[in-house]
Amino acid sequence: MLAVSWEKINDTAWLFVLRDGVKFQDGTPLNAEAVKFSIERARDIYSETGRGPGYVWSCIEEVIVVNKTTVLFKLSYPARVDLIASGAYGAFIYSPKVVEYSGATSPTDPKLEEWFNEGNAVGTGPYKLASYRPESEVRLVKNNDWWGWKEIDNPSPPDEVIIKIIETPEAQESGLRAKSIDVATNIPRASIPGLESQGYSKVVIPSYHNFILVFNTQRYPTNIAEVRKAIAYAIPYDELINTVLRGYGRIGSGLVPYSFPGYIGNLTYKHDLSLAQKLLEEAGLVERISLEIVITLGYEEEEKFASLLKNSLANLGIELTITSLPWEFVKERGASVWVNPNEAPHLIINDWWPTYPSPYEYYYIFHKDNREWNWAGYEDEEYSQIIDEAFVLEGIDWAKSMELYMEAAQTIFNNVIAINLWDMMHIYVYDGGRLMLREEAFNPLYSYVIFFQYVEVKT
Amino acid sequence: MSNSTLLQVIDLYVNYRVVRKFTDITSRVRSAVAGVNFTLSEGETLGVVGGSGSGKTTLLKTIVGVLKPSKGEVIYRGVNVHNAKGELKKKIMAEIGYVPQEPSQSLDPRMKISSSVTEPLRALGVGKSDRYERARYILKVVGLSEEVLELYPRDLSIGMLQRVAIARALITKPKLVLLDEPTSSLDISTQAQILNFLREMKEVFNLSYIIVTHDISVASYLSERLAVMSHGTTIEEGSVDEVLNEPLHPYTRVLIEASKLKEIEESLEEASAGCPFINLCTFKTDVCFKKPPPQIAIGMRRVKCWRYSSK
Amino acid sequence: MVLEASIKSTDLSIGYEYDYGILWVVNSVNIVVWRNTTYCIIGESGCGKSTLGNALAGLLPTYAYTNGYLEIEGRTVVRGDETNYNGVRGRIVTRIPQDPSSALNPYATIGEQLVKVIEHHYGVRENALEKARELLKLVKLPLEVIDYYPHELSGGMKQRAAIALALAPMPKVIVADEPTSNLDAYLRGVVASLLKRVQRELNLTLVFITHDIALTSVICDYIAVMYAGTIVEEGVSSKVLHNPLHPYTQLLFKAIPKLGYRETLSTIPGSPPSPTSYPEGCRFRPRCPVGFSECYKAPKLIEVKPQHKVSCWRYA
Amino acid sequence: MGITLNYVVRRIVLSIAIILGISIITYVFIYLAPGDPAYVWAGRPRGPLASEAIARARVELGLDQPIYVQFFLHVLRFFSGNWGLSIRFKQSVFSLVMRNFASTLELLLVSFAISIPIGLFLGIHSSLYRGSKIDAAINSLSIVLSNTPRFWIGLAMLLAFTSLNIPTYGRISDNFRGELVERVGLYLVDSLLQGRLDIFLDVLIRIIPPALALSLYPIGAIARVTRISLSEALQEEFVREAVSLGLPRNTVVYGYALRGLIPSLMQAIGLFFSYSLIDAMAVEYVFGREGLGNLLVKAIPASDFPLVTAALIIVAIVYVVTNTIADIVQALINPRVTM
Amino acid sequence: MDSLALSINAWRKRVTFRIGLVITIAILLAGVAGGLFPLIYGWDIGFRIVSESFQPPSLKHLFGTDDLGRDMFTRVLMGTSRALVQTTIVIVLSLFIGLFVGAITAYYKGFIEKALSYITELFLAIPSILLALVFVILFGRGALTVSLALVASWWSWYGRFAYLQARAIRDLDFIVLAKHYGLPGVYIILRHIVPNIMSPIFIQALTDAGSVVIELATINFLVGVGTTSIEEPDWGLMLGYGVRYVFNYWWIPLLPGLFIVLMALGFALIGDSIYEEMHPQLKRRWRLWF
């Protein structure tokens, strides 16, 4: 948005032209220096401490200020800088004066980070941060000096925005009903018809957030491919859509979510219990078996899916134990497949969203070197090589790299290492009598983000 | 006085701590028993008479060994009661019986009489059948039927409870029994029964008693010798007849008058230093206001009063 | 001196509610207490004397049942099961408690307690304080006691404070329920003397309830002996004390140890019956050494000598 | 005075010892917690440099030190009010907890302002008419009240009020949120300090339903305690003495019997207060109010153990402090007891 | 011995006792039924999807069905047996620990008394939720873990109660004498102190059973640590999970709560009636007499 135009000069150099006349909320003008400052800070923090989402910028060798409004990105290896720059993380541009404000000595001084954490920000956006209580609410006020107001033609944008951090769906619904919330991001799906009948409106936005069922390939019996396949056939996909997602969701295909770069259709199993039964018999499993699935506490859909799966597997004589844990524990259980595969759960659901618009984000999960996230315990040399190659090719030959990703997806699908169960859809329920949410207010890459400049307040 | 000395109490002090005021950081020491001396011969009975708060009960508990003295010694047949250990201690415990003040509190309400009565024997390591045999015997002696053994304290009247408490004190065949207000919670008719019974027991087992009471008539009924106690010390000691007929100390005189029910014009303010009985006394001199009186022996009698110090 | 009845009871019975009905602990008591005299009720524990005292002072517990009549200073306070002590408590009757340490309000100073009572009955504060001082003087307590809490006083002083409190509403009748039982011999004499003096000075009617027979000789004008809920003997104190008629009274007096006497005490065999199992007829019959066949019928309290009543078939 | 400075000092030392004990237990808790705080602290790194970031976070959090050093530092920090940064919110735990505690405290105070008078009233009347139908009714009512899950009733109330379109959700209307100047942290007080009656009313309307739900238990419990202890007190000798002196009924009941009960009732109410804290957390969660309960619900799934323990330590400290105060006050009021 | 007599008296005279007993028996039956269900109908009975989701209460589904179409009533009954077992564990264990710790604290004067009473105070102050979380970390999630965690905090109530009771009797003559005779501490604690302090504590524990149920439910409601899975039919979790449907499908969160109330009430009514029977000053007729 801040860039007016950009072009790829060669594999390792991109030129960006910035919008002129844009000012930060503290009055300093947005210029090439600020871009250099912000991007290099993110990159440096990552390379110095390994922390933060700055790794998206690790391809940058140097940001060169060409003139006041032009920057040149010099890369150490080919990459799609345009995609990175539009990513959800690590691509924030802020005023270089923050160093001064926070009393830090250098851009990577932890003091600056603390200053940000305390709820300070100086960006270019249409709304300014007014107060910051990460546990309950964030307040924004309109930035009248924003450059974009002329362009978007919104007669009545909100003057003040309060983002309430309300995690539980019932609390959101209650707030909505009590008129203390105008837009709710996470309403129980089952409540939506009731709310709609009371005059509330909804917006359904697809997202790149998907839920991946991961099989433990190192533990009996899920180390047997037939067993995994049988489970894949036992998943009640229709019920998943109808009962769990109440229609607001899409059965996943392959690993990459729908409409994300590198999406592949048709990599989906069907619900077929008799086939599943046959596969189990082929695998030689006649006695009753017990499996464990680990899901994340608080994800209503995961919980329900697990229940459906339990019911369905019961027909196959498989007893499914559902363990729902806080997210940190889920991760710990999942990663334990590398330490003690027989203690790790047979099945585990990992929810994933990209920080960076490349299919690599999804395929890297099952990379053999990824000990943090490869909860399948899947160690496939060939697969890993294919995706690494594809990643390098991204900045050079997009089509070729997509082909390689396709191959990787087939491997995962055929071996039933993991199944993308569904792609999430965000449902925003709002009081239609008071607000109008334009479509531009949402971007699938930015989950749970509303661009408030596109919100119209009705009087 | 008979020949052999049974018990000697030498200069006994028992202190306790009190905190009085808001600003007191440390507690102050008060003496419940402050300098008690007496000697008891075998077969002799000592009556200790004193008002409430005079330290009688503390004295008794210290003699029996329940409380530790801050100073002084209790010598039973040449052995210091509080230093005795092991078998010796058990022997002394067996030879000194103790009957607490409230019969209703001295027996465990949740325990059968048989268990309560045989408890001292259990501590001595006597076998179960022996214990019960002895319990049956002793109950017969105190005039209770055998069925009582299977009852609980709530099934018995207070007089019977007192008998049971005495039976427990007697079950170890003691030589000395300490009685703390044995009749104060009893009715007149029961009191007479218990008093007579105590006399009888003394004959049967050749016992010595130390009886602590506020009632000088009860003490004189059972004892050969009387000690009058006040403010933690024995202010006068002597044979019953001597004390009753010729009281030396003004407080003793008042006590006797009170029990003869003469009308008493009372004045009870406590003196600060010096003798605590100044207000009762018609012979007070300057020294009485300054220092507490020392113990003075007159023949076999002892008294704490300045009046007799010059003699 | 003309004798006027201060308290008069007619067939007064008092019982308590128990699991299986009413337990009558005081049965058909007929007494007359004359004004400005001291009337003693003596008996052993459980004979109902405290219950009778509570009835006189208007302090029967709520689970008590009554029967008969009781008049105090011309006011009928008990009529059948109805009791009405309004205007009688305090104004006409007060009582001196058995245990002053629990009967004094532990949360207020002696002065506060006195003043509260005086104020309620007679108004204004300055006078009340003055009156409180007078009362303390009357019971020979030092004046600084006015600022003391009850727990700061010794046993004897507490009892005096309780007496002062009972005198504060200026009643006509005082019921003293074993006021000396928690005191030692010396203080007992002191308190009894004090009560006697106060009764004379203030022209009170004093009902003195005690089990301490020796004490009665000093302070009582009339004596009633209670046994198992009934009055077995009643009369002028000198007559009852020196010439007891009822066998129970006779035996009881012999059972008291006397100073200097060392002969074996005589005892009453057995123990007093409990209200749940009063014997038929004369209630002393099972323990009576001189009982005869007549005793299976209940005797009546009759005047056998002038001012000396007894309830025994031997004198019928 | 029945109390000595010595006692007060001892009681306070005891409280500090208990809080120290709690800090030990919480330390053990944080230490044992399996969700790797270093990982979260590092911002859940995903890239190839992730393990490096985690190692770095471990140093920053002091997790590389020997356990006794860690423990010592923990205790030191604990008593200096530096409870570290919340892993999830990256803010000072202390200020986070205090800010939310004010909300919980406000709710509790209002609920006790409701329940103490009602509970006392019910208890006194139950006791005065005991054995009667009134007593049976009040007693049964208080048993029912004190044995109903508060959060459940809160839920039902939330449903009822929301269907009646009465705003019960949240702590304050959003229109007012920006206008309220926070001084004390208790919005009822703050709004009055600011002189804004409209804000005060809004806050009041929102606080009453949860406070009512919360006050069920204390109402029942206070009524029962009052009934039992007043019944005993009314039979105490000094109360009978007051009756025998002809004092009027109100003087006897309130001036004599009840006055003596104040210390023990205070102690009991202090206990109920600290016991209600957990209830308050559940109820405020139901009503979507900010506060310790909501904080806890957010912190637990995020394995934000410093925050979880801090929130719960506040509960413990409130317990210790209320009880210490109640004990000291009870010793002060009661001249009989010498401590 | 007297407790039986007391109960009989209470039954004869108190409506509350009878109501409480009826409720408790009903809950016990429900618990037995819930415990037997898996044996009769198979292990997955509580999880079986039997109908359309969100069915309101009807004769077929007494408590309606939940968001997946499972029968709520079956699940609530299974929750009953869980709650009964958990409550029994909590009450019995805390009672024993509390009773003995309290007796020991009071019996051994001096250092042991100080140390143990401080420890008791400490455990009183620790919120049970915190202990529940600690225990979950130590022993893993599960109903038993939370019960034990609650024991770890709950015993201190009885510990203090027992201590106060025992302190009141420890200087009575029969205990002083037993000590004086040289009888061992264990004997005195077991034979003298514990029997004399236990009955009020037992009654208290009976009354407390209701609070235990509520506390368990509150912990599970708030932090959901009680079970290994949301699938487990635990009351607190069912409520906590059902809260999100309160506005549209009220029976999902509200009906299971009814059972919590009933169970708590049943125990409390029984305990209270026996308490009243034990305290005659509370049970006798009382009229305003002054």
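Let's start with Glu150(B), which is partly exposed at 46% relative accessibility (buried means under 20% relative accessible area, exposed over 50%, partly exposed in between, with a 1.4 Å probe and protein chains only). This is a predicted model, where local features need pLDDT of at least 70, side-chain atom pairs count only at pLDDT 80 or more, and totals for chains, interfaces and linings use all residues. Side-chain values use heavy atoms, with hydrogens and water left out, and residues are numbered from 1 along each chain as its sequence is written.

Glu150(B) pairs up with Lys112(B) in a salt bridge, the closest N and O atoms being 3.2 Å apart (a salt bridge is a side-chain nitrogen of Lys or Arg within 4 Å of a carboxyl oxygen of Asp or Glu). Lys112(B) is partly exposed too, with a relative accessible area of 31%.

Now look at Arg302(B) and Glu237(B), whose side chains meet in a salt bridge of 3.0 Å, N to O. Arg302(B) sits in strand E12 and Glu237(B) in strand E10 of chain B, so this pair ties together parts that are 65 residues apart in sequence (strands, E, are DSSP runs of at least two residues and helices, H or I, of at least four, numbered from the N terminus). Glu237(B) counts as buried, at 1% relative accessibility, while Arg302(B) is partly exposed at 27%.

Over all chains, a search of the whole structure finds 57 salt bridges. One of them joins Arg77(B) to Glu95(B), with the closest N and O atoms 3.2 Å apart. Arg77(B) is in the loop between strands E4 and E5 and Glu95(B) in helix H2 of chain B, so the pair ties together parts 18 residues apart in sequence.

Key: Chains are lettered from A and ligands numbered from 1 in the order in which they are written.
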